[in-house]
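Please read these notes with the structure open beside you.

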Amino acid sequence: MKKCTFFWTFVFVILTVISNAAHAEKTFVYCSEGSPSAFNPQLATDGATYNVTRQIYNKLIEFKPGETEIMPGLAESWTISKDNLSFTFKLRRNVKFHTTKDFTPTRDFNADDVIFTFDRQRLKTHPYNKVSGGSYEYFDSMDMGKLIKEIKKIDEYTVQFNLNRQEAPFLANIAMDFASIISKEYGDKMLEAKTPEKLDTNPVGTGPYIFKSYQKDTMIRLEKNPTFFRGGVKLDKIVFLITVDSNVRTQKLRTGECQLIAEPAPADLPALKTAKNVKMYSRPGMNMGYLAFNVQKKPFDNVIVRRAISHAINKKALIDAIYLGNAEIAKNPIPPTIWSYNDAVKDYEYSPEKAKELLKQAGFEKGFETDIWTLPVARPYMPNGKKAGELMQADLAKIGIKAKLVTYDWPTYLEKSGKGEQSLLQMGWSGDNGDPDNFMYVLLACSGVEAGSNRSRWCFEPFDKLVTEAKQTTNLKKRVELYKKAQLLFKEQAPFIPLAHSVIYRAASTKLKNYKIDPFGGEYFERLDLE
């Protein structure tokens, strides 16, 4: 009898342990490379922000996981008028906004939220337009305010965008992060409470994870959204462990503190590829690292000076030392993975002698003093800004230019450079939608100067005319032709020096399942699971 009792007690204990294990919370830890500059993607352009907000918000249209093809998001379908000037979206029903400590929604997502999201950015009279500084860099640099004529609510679940002109990449553009849908009801409640800034600091979305807390420069916590409209979310909690040092990120992965790390250092890749319980992921990056001239500051307003420095920077040595060969030399303002890339463009050859001749021609035979702002965080397009800055500094010294290295924390770096405080600036770009417009117009068009995305602050009318025409025609052959011409003009005027197109790498625990590298270099955790 005692043996029988002991047996069934033992079975009960084992079953309890198995049951508890099955229902144990799954906490996923991501070692990120930097702090977000904001928690509202309308106010940001950086990957450190978007990697957080992509888990919290949804857009009308989204990209298929690991692909560049669009798919329905909060819009279940859409139609386009014959003249390509009206886009009508049928919205998904029964979608819930998050319930948080600040907000409990009383209704589902509807057309009012779509209108609120875009009108905040486009209408100066909107009550939220100036909240949090009123800077909408992406929206403004893409001229979305001039593009959108009106947004009409057809009914609770139908909304129509009417445009002033044709815009070839319009659907791909509104699949980008700045178009993440914000709750109007939450906005109204925060206005009523006289705390409108909470809309941006305490985010509320419809996404797979709910924002819980942020410990500045240290940690961000998210929790599973039990009412997520697509369902199937397997992780219970996500922790962003902000770890600026790439070597520390690698160590935390190997000791099990993180299950996925951002931007592993090129020097760590060989060891990670053979490490036990580590899986490496890679794909060609849709990105570009570059050195920007602030053409509104002397002597960089002089194209001859810009060409001289273009000859002075040793790109091959940079790629060998910084990327350890995991990148290719860049010559155009778009990567070769994007259609319309002009391979016929001839790059500035590395030649200190030619650089000196041009400086003499420009009246700077004895050189000059300047500063180089070095990237403070590791990005796919620039894994080590400080070391790259030291190499650039040495290259410039060879032609008589004395450069001082300057840096700031990441949010400050973005804010100050967006205002044009820099002289020479390390920067880069990872594509957001696979369209050349996302590089050529956002980074180099005149509208981007005031918006802040054109960090060269270069407004050149012939170039601007080409890229504006390219975005306003739906004829693909014509667009290719225009972008190829624009790349020739870019090279001639040299507003920035394209340095490298890098391979994207991620390192993860073998316990992490269903992970895919995003072609745009971002992170989406909706489908992840842990063993």
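**Notes on the predicted model**

1. Arg230 and Glu526 form a salt bridge, with their closest N and O atoms 2.9 Å apart; the term means a side-chain nitrogen of Lys or Arg within 4 Å of a carboxyl oxygen of Asp or Glu. Arg230 sits in the loop between strand E9 (219-224) and strand E10 (237-242), and Glu526 in the loop between strand E19 (512-513) and strand E20 (529-530), so the bridge ties together parts 296 residues apart in sequence. Helices (H or I, at least four residues) and strands (E, at least two) are DSSP runs, numbered from the N terminus. Arg230 is partly exposed at 28% relative accessibility, whereas Glu526 is buried at 12%. Buried means under 20% relative accessible area, exposed over 50%, and partly exposed in between (1.4 Å probe, protein chains only).

2. A word on the basis of these notes. This is a predicted model, in which local features need pLDDT of at least 70 and side-chain atom pairs count only at pLDDT 80 or more, while totals for chains, interfaces and linings use all residues. Residues are numbered from 1 along each chain as its sequence is written, and side-chain values use heavy atoms, with hydrogens and water left out.

3. How many salt bridges does a search of the whole structure find? The count is 38. Side chains of opposite charge can pair when their charged atoms come close. One of the bridges joins Asp112 and Lys153, at 3.0 Å from N to O. Asp112 is in helix H3 (residues 111-122) and Lys153 in strand E6 (residues 148-155), so this pair links distant parts of the chain, 41 residues apart. Asp112 is partly exposed at 24% relative accessibility, and Lys153 is partly exposed at 35%.4. A further salt bridge joins the side chains of Arg506 and Glu263, at 3.4 Å from N to O. Arg506 lies in strand E18 (residues 496-509) and Glu263 in the loop between strand E11 (260-261) and helix H10 (269-274), so the pair ties together parts 243 residues apart in sequence. Both Arg506 and Glu263 are buried. Through shared partners, salt bridges join Glu33, Glu263, Arg379, Arg506 and Glu523 into one network.

4. The whole structure holds 2 disulfides, a disulfide being a pair of cysteine sulfur atoms within 2.5 Å. One joins Cys31 to Cys258, with an S to S distance of 1.8 Å. Cys31 belongs to strand E1 (residues 27-32), while Cys258 is in the loop between helix H9 (246-254) and E11; the two are 227 residues apart and link distant parts of the chain. Both Cys31 and Cys258 are buried.

5. Cys446 and Cys459 also form a disulfide, their sulfur atoms 2.0 Å apart. Why is the disulfide of Cys446 and Cys459 called right-handed? The torsion about its S-S bond is about 90 degrees, so it is right-handed. Cys446 lies in the loop between helix H16 (437-444) and helix H17 (447-451), and Cys459 in the loop between H17 and helix H18 (461-471), so the pair ties together parts 13 residues apart in sequence. With the bonded cysteines numbered in sequence order, the pairing is 1-2, 3-4.

6. Is Ser417 buried or exposed? Ser417 is buried, with a relative accessible area of 0%, and is found in helix H15 (residues 410-418). A polar contact of 2.8 Å joins its side chain to that of Arg455. A polar contact is a pair of N or O atoms within 3.5 Å; within protein, one must be able to donate a hydrogen and the other to accept it, and residues adjacent in sequence count only if both atoms are side-chain atoms. Leaving aside neighbours within four places in sequence, Ser417 is in contact (heavy atoms within 4.5 Å) with Trp373, Gln422, Leu425, Met427 and Arg455.

7. Helix H3 is mostly covered, with 11 of its 12 residues buried. Among the buried residues are Val114, Ile115, Phe116 and Phe118, and also Asp113, Arg120 and Arg122. At the start of H3, a side-chain oxygen of Asn110 reaches to within 2.9 Å of the backbone nitrogen of Asp112.

8. Strand E5 (residues 86-91) is largely enclosed by the rest of the structure, because 5 of its 6 residues are buried. E5 runs antiparallel to strand E4 (residues 75-80), and 5 bridges join them; two strands pair if DSSP finds at least two bridges between them. Ile80 stands opposite Phe87 in E5. The hairpin of E4 and E5 has 5 residues between the strands, and there Asn84 takes a positive phi near 60 degrees.

9. E5 is also joined by 5 bridges to strand E7 (residues 158-163), and these two run antiparallel. Here Phe89 stands opposite Val159 in E7.
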